[in-house]
Amino acid sequence: MNPIQAPFPATRLRRTRQNEGIRGLVRENALSTADLIWPLFVRSGEGVSEEIASMPGVFRRSVDRMVDAAREAHELGIGAICIFPYTGIEERTEDCAGAWDPENHANRAIRAIREAVPDMVIMTDVALDTYNINGHDGFVVDGEIVNDRTVEALVKMALSQARAGADIIGPSDMMDGRIGAIRQALEAEGHQNVMIQSYAAKYASAFYGPFRDAVGASGALTGNKKTYQMDPANSDEALRLVARDLSEGADMVMVKPGLAYLDICRRVKDAFGAPTFAYQVSGEYSMIKAAAAQGMIDEERVMMESLMAFKRAGCDGILTYFAPMAARILG
Ligand code: PBG
């Protein structure tokens, strides 16, 4: 863009900032509750809602409480939620069979919410880390996170979620070839309307720290995820990953983490024009909460500014733990 403007004083750029009315008229981006996806953590039990120590204001909920949260989201105008399972060490195995168990917490939550709040768009998480004894997103064989065998398991996991009534399958595992394999399996089983939001550009990030606590993986994880998640130094590679996933049948793509990767959001949106999402991840959330709790920043204003930044960077929507708080302000 090459803006044409007269020299000062003919051009005074402050003219269009002089009051709220004119600022509203020239505002380039808007945030609405319809842009938000609220990530929720489901666990075993009944009537349980436990706060996550590293994520103040975020809870692990039993299925009945998940239904309450979905109702709350609906009332606030939030159109979509994303379900992550919390699993204790006793629920984790080497074969990760819990991942495609139709009765696992996540699948039970999908069915219960589908029935109680039929309009809610329900997104899932596809990766083995929450069922894996070693906390990795794929099977570990002789110290290697193996790709193709993992993809077969991810397909089973995705199908169990589609059968439970999920609207959007969210593969967060970063294995190669999983989007095509999942898409093919969904078509073959008649789930042609089930969408895939690929975690296409997902970085090996320290910003996921609090999440691993939330899902019970921090103690479990051995080593790191650098052989499958992206190197934070790379940007062109993100475009290759997004291109690949779109060509395999992803309906939407995600960049993750969010704020530190806004340049990637913009490049992805400009290059492909596909529905583009960012995940404002656990560490981003907890940093704002912690600074606000110390009285160092204004929580609401920093939160809203951070969410607007995603819209400005070209994102269509945002996964954020702030969703209900933001919706209350927007509403
Ligand atoms: C794992 C997964 C992670 C997150 C979503 N899915 C963590 C990881 O890759 O280790 C992170 C979300 C967050 O930090 O809020 N499949």
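The largest cavity holds about 110 Å³ of space. Here a cavity is a set of points, on a 1 Å grid over the protein atoms alone, where a 1.4 Å probe fits but cannot get out; its volume is the space filled by probe spheres set on the points, which are joined across faces, edges and corners. Of the 14 residues lining the largest cavity (those with an atom within 4 Å of a point), D129, K202, F211, K225 and K256 are the closest to its centre. The model is a predicted one, in which local features need pLDDT of at least 70 and side-chain atom pairs count only at pLDDT 80 or more, while totals for chains, interfaces and linings use all residues. Residues are numbered from 1 along each chain as its sequence is written, and side-chain values use heavy atoms, with hydrogens and water left out.

The lining of the largest cavity comprises five nonpolar, two polar and seven charged residues. In this classification Ala, Val, Leu, Ile, Met, Phe, Trp, Tyr, Cys and Pro count as nonpolar, Asp, Glu, Lys and Arg as charged, and the others, Gly among them, as polar.

The largest cavity is the space taken by the ligand, a molecule being assigned to a cavity if more than half of its atoms lie within 2 Å of the grid points. Around the ligand are 17 residues (a heavy atom within 4 Å), of which R212, K225, K256, S282 and Y321 come nearest. This shell contains seven nonpolar, three polar and seven charged residues. For Y321, a side-chain N or O atom is 2.6 Å from a ligand oxygen atom. The protein covers 100% of the 400 Å² of accessible area that the ligand has on its own (Shrake-Rupley method, 1.4 Å probe).

Three cavities of 30 Å³ or more are found in the whole structure. At least two lining residues each come from β4 (80-85), α3 (105-116) and α4 (148-164), with α3 giving the largest share, three residues. By class, this lining has seven nonpolar, four polar and one charged residues.

The largest pocket, an open set of points with protein on both sides within 12 Å along at least five of seven lines, has about 230 Å³ of space. Among its 13 lining residues, M174, D176, T227, Y228 and Q229 lie nearest its centre. Six of the lining residues are nonpolar, three polar and four charged.

Definitions and conventions: A polar contact is a pair of N or O atoms within 3.5 Å; within protein, one must be able to donate a hydrogen and the other to accept it, and residues adjacent in sequence count only if both atoms are side-chain atoms. Helices (H or I, at least four residues) and strands (E, at least two) are DSSP runs, numbered from the N terminus.
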